[in-house]
Amino acid sequence: MRDEEYEPDQIGEYGVRAQPALVARMKPHLRMTQIGNAVALLALVAAVVGVVRYPDYGTSDGFGWAVATLVCSALLMAICSFQHFCWLRGMTEWSGRADLRLEPFMRVSWIVHLVSYLVVLVALWSAIAAVVDAGLTATAAVALTLTLILMLAAQVTAAVQYLRESGPPGTLPAHIRRLTDRERRARLGH
């Protein structure tokens with residue numbers, strides 16, 4: 001972006017570490033990780049209810065699948081919490097309150113966001129298997145179905161929000177920014 005596109009109060013002074021435009025642009029991502037963290041906590045609670053209320057049929061494998069769903073829910077909660085922690089570190093750096101190295105956090109945050117897809121895929125499989133075994137009308141089945149829905153919401157709002165400075169990867173403004181940067185580099189001969 002050129003300086004003309006920013007408001008005068010968004011352009012930092014030279015030598016000042018704070019980046020108010022970046023902080024303003026990234027606040028929605030921090031808010032999404034907060035919401036996703038809360039949703040992941042609700043998913044974890046629903047998974048605990050599903051395991052505690054799971055019917056005992058003696059020889060069924062369903063209880064093991066319910067426990068696997070609980071483990072996946074706990075892993076997703078950890079992933080969402082880590083992403084939120086990374087965004088808090090980023091906001092601290094960008095607001096100029098501390099001098100932090102964000103590159104290692106960005107790298108790990110990106111890897112963790114990939115792991116979240118695997119966790120949700122395993123949770124999808126285990127929750128469906130547990131619900132089918134328990135019976136669709138059982139309290140545990142309802143709780144595990146709710147767990148799955150909440151896990152999907154938590155993944156979308158927090159787990160995939162890896163730390164980055166360029167904005168969300170798939171959005172139209174980010175795409176336009178990349179095209180503009182590519183065109184500018186082509187004009188300058190880089």
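1. Residues are numbered from 1 along each chain as its sequence is written. Because the model is predicted, local features need pLDDT of at least 70 and side-chain atom pairs count only at pLDDT 80 or more, while totals for chains, interfaces and linings use all residues, and side-chain values use heavy atoms, with hydrogens and water left out.

2. The protein chain has 5 helices and 0 strands, where helices (H or I, at least four residues) and strands (E, at least two) are DSSP runs numbered from the N terminus. Of its 190 residues, 36% are buried, meaning under 20% relative accessible area with a 1.4 Å probe, protein chains only.

3. Helix α3 covers residues 103-134 and reaches 46 Å from its first C-alpha to its last, close to the 46 Å expected, that expectation being 1.5 Å times one less than its number of residues. Glycine 135, whose phi is positive, near 100°, follows α3.

4. Among the buried residues of α3 are Val112, Ser116, Val119, Val120 and Ala123, and the buried residues of this helix pack against α2 (62-94) and α4 (139-159).

5. Leaving aside neighbours within four places in sequence, methionine 151 is in contact (heavy atoms within 4.5 Å) with residues including Ala43, Leu76, Val119, Val120 and Ala123.

How values were computed. Buried means under 20% relative accessible area, exposed over 50%, partly exposed in between (1.4 Å probe, protein chains only).
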